[in-house]
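Please walk through the model below, with attention to its surface and to its backbone geometry.

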Amino acid sequence: MRTDGLRTARLIALFLPLALMAGALGSQFIGHLVPCEMCVWQRWPHVAAIVVALLSFVVRPRPVTMLFVLVAGVLIALSGAIGVFHAGVEYKWWQGITACTTNLTAGDPMAILNEALRKPLVRCDVPQWQLFGISLAGFNAIFSLAGAVAIFALAVRRGRR
């Protein structure tokens, strides 16, 4: 039986970000979880990966197809890297870089109130949902990075008998 790693990599490059986006949108619209700023950041590389992976089904020759699959893999890995950063912020391993992760400063009560009103309501440093202690950002990191490794490994593998 002949297997083609590029064909499998191309399918993963398409269906993994589709599944992760379906999960993100499902948790938002069905589960009523409101995404924070960093949650949205993780979605953009997946959307781009879906577009690039779809294009990999129509381009020829094989080296161009491989290039599109590898670019999709890089985009998926980028979303995973953002997921690692976001999960680290949630687990308090490091400080976030957005207004949704900074604490209020002490001082004048009116200044504190005004500062609080300028901040987003959904905090990036507090996970809205967890399973086995892993947040949605953590799951995105795990699935995206593992998927990217699989895509890279399969895309460069030659068919076997």
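**Loops, backbone and a surface patch**

Proline 61 lies in the loop between H2 and helix H3 (62-90), where helices (H or I, at least four residues) and strands (E, at least two) are DSSP runs numbered from the N terminus. A cis peptide bond, with omega about -5 degrees, joins arginine 60 to this proline 61. The model is a predicted one, in which local features need pLDDT of at least 70, side-chain atom pairs count only at pLDDT 80 or more, and totals for chains, interfaces and linings use all residues. Residues are numbered from 1 along each chain as its sequence is written, and side-chain values use heavy atoms, with hydrogens and water left out.

Most residues other than glycine have a negative phi, and most peptide bonds are trans. Lysine 92, in the loop between H3 and helix H4 (109-118), has a positive phi of about 65 degrees although it is not a glycine. Phenylalanine 132, in the loop between strand E1 (130-131) and strand E2 (134-135), has a positive phi too, near 55 degrees. Lysine 92 counts as exposed because its relative accessibility is 54%, and phenylalanine 132 counts as exposed at 75%; buried means under 20% relative accessible area, exposed over 50%, and partly exposed in between (1.4 Å probe, protein chains only).

A nonpolar surface patch of about 880 Å² includes Leu11, Trp44, Val47 and Phe57; patches are made of residues with over 30% relative accessible area and no salt bridge, like charges being joined within 9 Å and nonpolar side chains (Val, Leu, Ile, Met, Phe, Trp, Tyr) within 5 Å. A salt bridge is a side-chain nitrogen of Lys or Arg within 4 Å of a carboxyl oxygen of Asp or Glu, and accessible areas come from the Shrake-Rupley method with a 1.4 Å probe, only the protein chains shown counting as cover for residues. H2 gives the most to the nonpolar patch, with five residues. Valine 47 lies in helix H2 and counts as partly exposed, because its relative accessibility is 35%.
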